[in-house]
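Please look at the sequence and the structure below before reading on.

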Amino acid sequence: QLGELSAPKAEMALWEGRWIQCVRNLNQWEALRDYVRAVPQHQPPRLVLECLWRTPDWSGLTEAFARSPLPESAQLKLLQTYATLQEGNVAQAEQQCNHGIALALRQWAMLPRLSR
């Protein structure tokens, strides 16, 4: 049909990945958030969370946590802490922050030693 582009899926994935990286580097989070919302099934959950955090869409961020459970990480706990603070729950935010710090320290302790 007129107006439709046809390209192999691998090429489209390559262009999409490059475009996402460019938009991130240019800090155009609103454009990336709109794109992620338009095709949510094709986006990694961490990209969705990052867009919602950077724009700051706190209610969307809280909903995204519920929709896509991710393995615990220090970065994820930091995002959860921000969202919880926006809800006004300081005690829970402090617990999440402490848990995130513990995860970050655990990751740091697993790094190889530097040799001299």
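In α4, the buried residues are G60, L61, A64 and F65; buried means under 20% relative accessible area, exposed over 50% and partly exposed in between, with a 1.4 Å probe and protein chains only. These four cover an arc of only 145 degrees around the axis, which puts them on the same side of α4. The arc is that of the directions from the helix axis to the C-beta atoms. On the other side of α4, A66 and R67 are exposed. The cover over the buried residues of α4 includes α3 and α5.

Helices (H or I, at least four residues) and strands (E, at least two) are DSSP runs, numbered from the N terminus.

## About the model

This is a predicted model, in which local features need pLDDT of at least 70 and side-chain atom pairs count only at pLDDT 80 or more, while totals for chains, interfaces and linings use all residues. Residues are numbered from 1 along each chain as its sequence is written, and side-chain values use heavy atoms, with hydrogens and water left out.

## Where α4 meets α5

Helix α4 (residues 58-67) packs against α5 at an angle of about 130 degrees, and their axes are 10 Å apart. Axes are lines fitted to C-alpha atoms, for helices over the stretch in contact, and angles run from 0 to 180 degrees between N-to-C directions. The two helices are therefore oblique to each other; angles under 35 degrees count as roughly parallel, over 145 as roughly antiparallel, 65 to 115 as roughly perpendicular and the rest as oblique.

The crossing of α4 and α5 is left-handed, a term for a near helix turned anticlockwise from the far one by less than a right angle (right-handed if clockwise). On the α4 side, the contact is made by W58, L61, T62 and F65. The α5 side supplies L76, L79, Q80, Y82, A83, Q86 and E87. Contact means heavy atoms within 4.5 Å.

## Helix α2 and its neighbours

Which residues of α2 are buried? They are W29, L32, R33 and V36. Seen down the axis of α2, they fall within an arc of 105 degrees, so they line one face of the helix. An α-helix has 3.6 residues a turn, so residues three or four places apart point the same way. Helices α1 (9-25) and α3 are among what covers the buried residues of α2.

The axes of α2 (residues 29-38) and α3 (residues 45-54) come within 9 Å and cross at roughly 135 degrees. That makes α2 oblique to α3. Their crossing is left-handed. Residues making the contact include W29 and L32 of α2, and L47 and V48 of α3.

In the loop between α1 and α2 lies N27. N27 is not a glycine, yet its phi is positive, at about 55 degrees. Most residues other than glycine have a negative phi.

Helix α6 (residues 90-109) has 20 residues and reaches 28 Å from its first C-alpha to its last, close to the 28 Å expected at 1.5 Å a residue. The expected span is 1.5 Å times one less than the number of residues. Its buried residues are A93, Q96, G100 and L103. Seen down the axis of α6, they fall within an arc of 85 degrees, so they line one face of the helix. The face turned away from that side carries the exposed residues V90, A91, E94, Q95, L105, W108 and A109.

The buried residues of α6 pack against α5 (74-87). T81 lies in α5 and counts as buried, at 9% relative accessibility. Not counting residues up to four places away in sequence, T81 touches A93, Q96 and C97.
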